[in-house]
Amino acid sequence: MSKSVQKLRGLTGMKDILPGESAQWEQLEQTVRTWLASYGYRNMRTPVLEFTQLFARGIGEVTDIVEKEMYSFTDSLNGDKLTMRPEFTAGLVRASIEHNMLYDRPHRIYSIGPVFRHERPQRGRYRQFHQIDVEALGFAGPDVDAELIIMLARLWRILGLNDVRLEINSLGQSDERAAHRDALIAYLEQHKDVLDEEAQRRMYTNPLRVLDTKNPSMQDMANNAPKLFDYLGPESLAHYEAVCARLDDAGIAYTLNPRMVRGLDYYNLTVFEWVTDRLGAQGTVCGGGRYDGLIEVLGGKPAPAVGFAIGMERLLDLISQDQDQLAVPECQVYVIHQGDSAQRQAMRLAEQLRDQGLTTIVHAGSSGFKSQFKRADASGAVAAVILGESELEQQHASVKWLRADDTQQPQESIAFDQLATYLHAKV
Ligand code: ATP
Ligand code: MG
């Protein structure tokens with residue numbers, strides 16, 4: 001009696017990256033690692049799980065992420081309150097403090113990996129997604145702010161993207177934000193009738209975030225609200241202008257977006273986003289900014305810092321609109337065999353081919369030559385090595401070239417002890 005077993009499924013908003021897609025991911029990661037190394041950035045890896053408190057403190061209680069997007073749970077073994085990282089910065093800063101990295105010198109670091117946010121899944125918005133996160137810890141700027149942006153412009157060039165626009169803003173310092181906040185709350189009180197529920201809830205706790213709304217019926221209100229930029233003092237303005245001067249030197253175009261606030265609470269001075277029109281509603285490919293207060297908030301010796309995060313799914317979506325899917329073959333050589341002795345010989349020879357650096361698949365299991373040839377073809381291999389009874393007798397392998405240009409070539413017969421060097425030279 002057989003009972004059908006229910007098929008298990010992955011979680012909504014969490015995508016599987018299949019072998020056919022992974023080549024593009026790996027190529028992007030490789031490009032990114034080389035690009036980051038060329039500016040002196042070094043990789044750092046921290047755990048996916050952290051204490052919830054880290055994100056509550058490091059991102060801000062009244063933010064989208066902490067209010068409603070975190071995957072948090074209580075460890076059933078000891079009652080710890082834990083959260084799957086919704087972004088990298090807090091964990092990287094936590095680890096830098098914990099390992100006393102920030103005492104003697106600044107650090108340029110990066111991380112690449114998955115982050116988790118409980119959002120409504122749609123194109124460009126997933127519940128597990130991946131970020132390239134870059135942080136310059138211990139640098140006061142404005143030079144490093146500009147360096148990060150110039151660096152990003154180079155990445156877009158490397159990737160052949162020429163339609164990613166830069167928007168920047170300055171969030172000033174906390175006293176400037178406080179002065180603006182009073183004016184903003186007064187303004188929001190006057191326009192209470194157009195504020196949606198979320199805006200009404202946030203107008204006193206995080207009024208700046210109200211301006212970041214995507215609600216179409218609040219756009220007029222947000223556009224005409226008092227601008228934080230108009231409250232900046234001379235030092236903040238000088239910082240902003242120094243960043244702009246360096247962008248001008250580098251020939252990078254930008255627009256001031258005085259409404260940009262970014263999703264995290266701890267930003268000050270420079271904030272920026274790179275945006276494209278090619279991804280529909282989720283057009284922000286990269287967001288970043290300065291967060292001089294965070295290291296102290298997380299218990300470290302006060303130190304300035306600036307960084308950004310790139311959304312990899314969105315970036316790959318953009319790249320793949322320009323390029324065909326990379327078809328990466330499974331192997332270069334596929335070994336076909338018939339009979340137990342031939343199979344054992346195949347495994348020995350394959351090891352020799354791999355010693356020569358050839359990626360090699362030995363057909364697994366036993367099947368007819370015809371179906372083995374089909375597999376060989378599907379693998380993308382350029383050559384098939386064939387081991388049958390007569391090959392074993394003569395201690396020679398037959399080599400058949402599989403790709404279009406080579407179909408005219410006759411099958412060749414190569415002595416076992418010559419095979420690896422022969423194929424190494426020809427493949
Ligand atoms: P958004 O306004 O789109 O929600 P955000 O301000 O929450 O973005 P950040 O926290 O700045 O985003 O994250 C950096 C980058 O990560 C974004 O610019 C975007 O490219 C990407 N990103 C953010 N949320 C998601 C998501 N749910 N799925 C896929 N990519 C995302
Ligand atoms: Mg968000």
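The axes of helix 13 (residues 340–355) and helix 16 (residues 416–426) come within 9 Å and cross at roughly 40°, with axes fitted to C-alpha atoms over the stretch in contact and angles running from 0 to 180 degrees between N-to-C directions. Helices here are DSSP runs of H or I with at least four residues, and strands are runs of E with at least two, numbered from the N terminus. In this contact (heavy atoms within 4.5 Å), Gln-345, Leu-349, Gln-352 and Leu-353 of helix 13 meet Phe-416, Leu-419, Ala-420 and Leu-423 of helix 16. Six of these residues are nonpolar, two are polar and none is charged, where Ala, Val, Leu, Ile, Met, Phe, Trp, Tyr, Cys and Pro count as nonpolar, Asp, Glu, Lys and Arg as charged, and the others as polar.

This is a predicted model, in which local features need pLDDT of at least 70 and side-chain atom pairs count only at pLDDT 80 or more, while totals for chains, interfaces and linings use all residues. Residues are numbered from 1 along each chain, chains are lettered from A and ligands numbered from 1 as written, and side-chain values use heavy atoms without hydrogens or water.

Val-333 lies in strand 12 (residues 333–337). Val-333 counts as buried because its relative accessibility is 0%, the cut-off being under 20% with a 1.4 Å probe and protein chains only. Its contacts beyond four places in sequence include Leu-353 and Leu-423.

Elsewhere, eight strands form an open sheet with mixed pairing in the order 1-5-6-11-10-9-7-8; two strands pair if DSSP finds at least two bridges between them. Strand 1 (42–43) and strand 8 (255–256) are the edges.

Notes
Buried < 20%, exposed > 50% of the residue type's maximum accessible area, 1.4 Å probe, protein only.
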